[in-house]
Amino acid sequence: MKELLLALPAGRETRARSFGLAPAHMAYRVGAGPKLLGIQLPQGLRGGLMQVDCAGFDGEGDPVGCCRQILGECRRRSFRGIVCDFEGMPVGCLGKLVEILDRNCVAQGWALYVPECYAPHAPQARVLIPSALTHGTLERRLREAVGRYGAERTALAVEWVREDFLLPARGRGEPISRETLEEMLRRLEPAVFLDKGLCAHYFTYMKGPQAHFVLFDTPRSIREKLNTAKRLEIAAALLPQPEVEDHLDEIFGADA
């Protein structure tokens with residue numbers, strides 16, 4: 001895999017560089033205007049990538065000025081790429097913003113990562129494919145993406161999942177905390193299985209008359225996801241720092 005990224009909350013420390021992961025600094029947002037908003041990073045911070053979201057932005061305005069701000073910040077911080085962590089379908093000027101960033105990142109030799117629904121606006125960008133599934137297999141999902149975009153433009157967006165579903169499972173489940181999951185495992189002592197297709201662990205239990213299905217990740221299942229992407233020669237993966245930080249040795253160590 002050519003590039004491993006770690007989505008790093010602003011100001012967090014990480015050991016990830018020693019395992020070959022580049023930080024994607026979660027310190028930026030597209031705000032009203034649009035304009036670039038940011039959390040103060042250390043003055044001397046250089047390198048890695050910029051990760052920018054658009055939470056709360058209504059899509060109104062001309063994106064050219066915001067794009068200049070984003071590209072200028074990348075040059076100032078010596079970032080070598082941009083991760084567009086945009087949720088939902090493109091609204092307003094966001095499609096145009098991504099289009100402008102795509103052209104300029106190509107010109108600068110930087111990487112641009114976008115969600116799949118933005119792929120039509122960024123024909124040179126890497127397309128983020130979420131790892132979380134409730135049916136089918138991760139390998140099939142990634143093969144479809146590789147067939148559509150090519151392995152070089154496909155990136156796995158790893159999600160560390162802990163979700164409780166009512167059966168039959170549809171859509172996404174109810175997120176549960178690590179503490180809740182640990183308490184359930186102690187109290188219920190369920191039979192836990194690794195679903196090789198989903199690359200995730202699961203167990204079932206009854207709550208009154210209702211059957212439940214709990215899907216969750218561990219360092220082992222994260223390795224399974226990454227190994228699936230490697231087999232398909234997918235170019236990159238993005239991982240969440242808070243969840244993986246304590247498990248870097250298990251996921252990326254020599255014996256992993």
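Predicted model: local features only at pLDDT ≥ 70, side-chain atom pairs only at ≥ 80, totals over all residues.

Analyst: A residue counts as buried when its relative accessible area is under 20%, as exposed when the value is over 50%, and as partly exposed in between. Arg-103 sits in helix H2, which runs over residues 94-108, and because its relative accessible area is 47%, Arg-103 is partly exposed. Its C-alpha lies 9.3 Å from that of Ala-125, which is 22 residues away in sequence. Gly-33, by contrast, belongs to the loop between strand E2 (21-31) and strand E3 (35-38), and with a relative accessibility of 53% it therefore counts as exposed. Beyond its neighbours within four places in sequence, Gly-33 still has contacts with Phe-57, Glu-60, Gly-61 and Asp-62, while Glu-144, 111 residues away in sequence, is 37 Å from Gly-33 from C-alpha to C-alpha.

The protein is built of seven helices and 14 strands. Its radius of gyration is 19 Å, close to the 18 Å that the globule rule gives for 256 residues, so the protein is as compact as a globular protein of that length. Along the principal axes, the C-alpha trace spans about 55 × 40 × 35 Å. Of the 256 residues, 50% count as buried, and among contacts with a separation of 6 or more, 66% are made by residues 24 or more positions apart. The accessible surface amounts to about 12600 Å², with 49% of it belonging to carbon and sulfur atoms.

Rolling a probe the size of a water molecule over the atoms shows where empty space is left. The largest pocket holds about 740 Å³ of space. Its lining counts 30 residues, and those nearest its centre are Asp-85, Ala-157, Val-158, Glu-159 and Leu-238. Five strands, namely E1 (3-9), E5 (81-85), E7 (126-130), E9 (162-166) and E14 (236-240), together with helix H6 (241-244), each bring at least two residues to this lining. By class, the lining has 19 nonpolar, three polar and eight charged residues.

The second largest pocket has a volume of about 240 Å³. It is lined by 14 residues, and Trp-160, Arg-162, Arg-178, Asp-217 and His-247 are the closest to its centre. Helix H6, already named for the largest pocket, also supplies at least two residues here, as does helix H4 (178-188). The most comes from H4, which gives four residues. In this lining, six residues are nonpolar, two are polar and six are charged.

Around the largest cavity stand Ser-131, Ala-132, Leu-133, Val-161, Leu-198, Ala-200, Leu-215, Asp-217 and Lys-225. Six of these lining residues are nonpolar, one is polar and two are charged.

Key: Residues numbered from 1 in each chain as written. Heavy atoms only, no water. 1 Å grid on protein atoms, 1.4 Å probe; cavity = no way out; pocket = protein on both sides within 12 Å on 5 of 7 lines; lining within 4 Å. Points joined across faces, edges and corners; volume = space filled by probe spheres on them. Nonpolar A, V, L, I, M, F, W, Y, C, P; charged D, E, K, R; others polar. Rg over C-alpha atoms; globule rule 2.2 N^0.38 Å. Buried < 20%, exposed > 50% of the residue type's maximum accessible area, 1.4 Å probe, protein only. Contact = heavy atoms within 4.5 Å. Areas by Shrake-Rupley, 256 points an atom, 1.4 Å probe, with all protein chains shown as cover.
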